[in-house]
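Here is a short briefing to read alongside the structure. Take a moment to turn the model around before you start on the points.

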Amino acid sequence: MQREDFSISLNQNETWHMDKLHFHESVELLLSLCDGGDFFIGQDMYPIQKNMLFLLDSAVLHRTVHERTDQPYRRYIMHILPTALERLSTAQTDFTRSFRCAKTCTVLDPQQMRELTELFRQLENVPGPERFGGDVRQNILLLELLLKLCDIWQAAETESGIVNPDYERLAPVLQYIQDHFTETFTLDDLARQFSISKYHLCHIFKNVTGFSVMEYVIQRRIILARELLRQPISVQEAGERAGFQTNSHFIRTFSAYTGMPPKRYARQYLQSAKLTNLSEKKS
């Protein structure tokens, strides 16, 4: 396992406020070490509390808001590529499936919290692969951590999101967008659909998500287009199926949000997938 396949760090801030939703190419784990703030994930909002473990798929939009309290915002953050989970999986122990079926939010009991925190700490501080045995120790700790996570998820119950008043009013709008974002509609159409002033809709939408309504729609389209490009299908078809009206608009927007044109994104993903398959055959 290469170090670039995953990262782990202990982060601490006096305040922490993400202005906008975002998503990653990797799967993200967040282990909260304190109380305070909210976590907007997909279409749900969770209060951030100590001993909470959050799992975010690579296609999930999310944003944390942590206002100043009497303690800093401390959390372990881990990112791991889906291809790394595939390489570590076996027929008997399928990490990819376990992560896919796991709960978004799990509240840990004291023993689980101690064990998981210690594994995060050890993995963060494991000697580098340049030292003799460093790569082996890293892989052992990573596997121990993944197995512990799977054990926790198998025994866990889903933690429901707790909504604030603005989110409660916005939830039906988010669900509607989720169901229709590949279709063509305007802000006026959305406001009429829910019998709400478009100015009020814009205000609560921005307050909860950090996005304007149409920026959020575009993000949803970009995530879908990214998944379609991995199949693979043509750039034009991916843009059309994701809801973009013209190929030029799709290429320009995808490049702005991901940092590369869709054709290059698809080529890089397919090359990475081929390397993964070759590695599996050799092993």
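Predicted model: local features only at pLDDT ≥ 70, side-chain atom pairs only at ≥ 80, totals over all residues.

The side chain of Thr 253 makes a polar contact with the backbone oxygen of His 249, at 2.7 Å.

- You can find Thr 253 in helix α10, which covers residues 247–258.
- Is Thr 253 buried or exposed? Its relative accessibility is 8%, and buried means under 20%, so Thr 253 counts as buried.
- Setting aside the neighbours within four places in sequence, Thr 253 is in contact with Ile 218, Ile 222 and Phe 244.

**Helix α4**
- Helix α4 runs over residues 134–155, a total of 22 residues.
- How far apart are the end C-alpha atoms of α4? They are 32 Å apart, which agrees with the 32 Å that the helix should span at 1.5 Å a residue.
- Several leucines are among the buried residues of α4: Leu 141, Leu 142, Leu 145, Leu 146 and Leu 149.
- The buried residues of α4 also include Gly 134, Gln 138, Cys 150, Ile 152 and Trp 153.

**The whole protein**
- The protein has eleven helices and nine strands.
- Of its 283 residues, 44% count as buried.
- Among contacts with a separation of 6 or more, 72% come from residues 24 or more positions apart.

Notes. Residues numbered from 1 in each chain as written. Heavy atoms only, no water. Helix = DSSP H or I, 4+ residues; strand = E, 2+ residues; numbered from the N terminus. Expected span 1.5 Å × (residues − 1). Buried < 20%, exposed > 50% of the residue type's maximum accessible area, 1.4 Å probe, protein only. Polar contact = N/O pair within 3.5 Å; in protein donor to acceptor, adjacent residues only side chain to side chain. Contact = heavy atoms within 4.5 Å.
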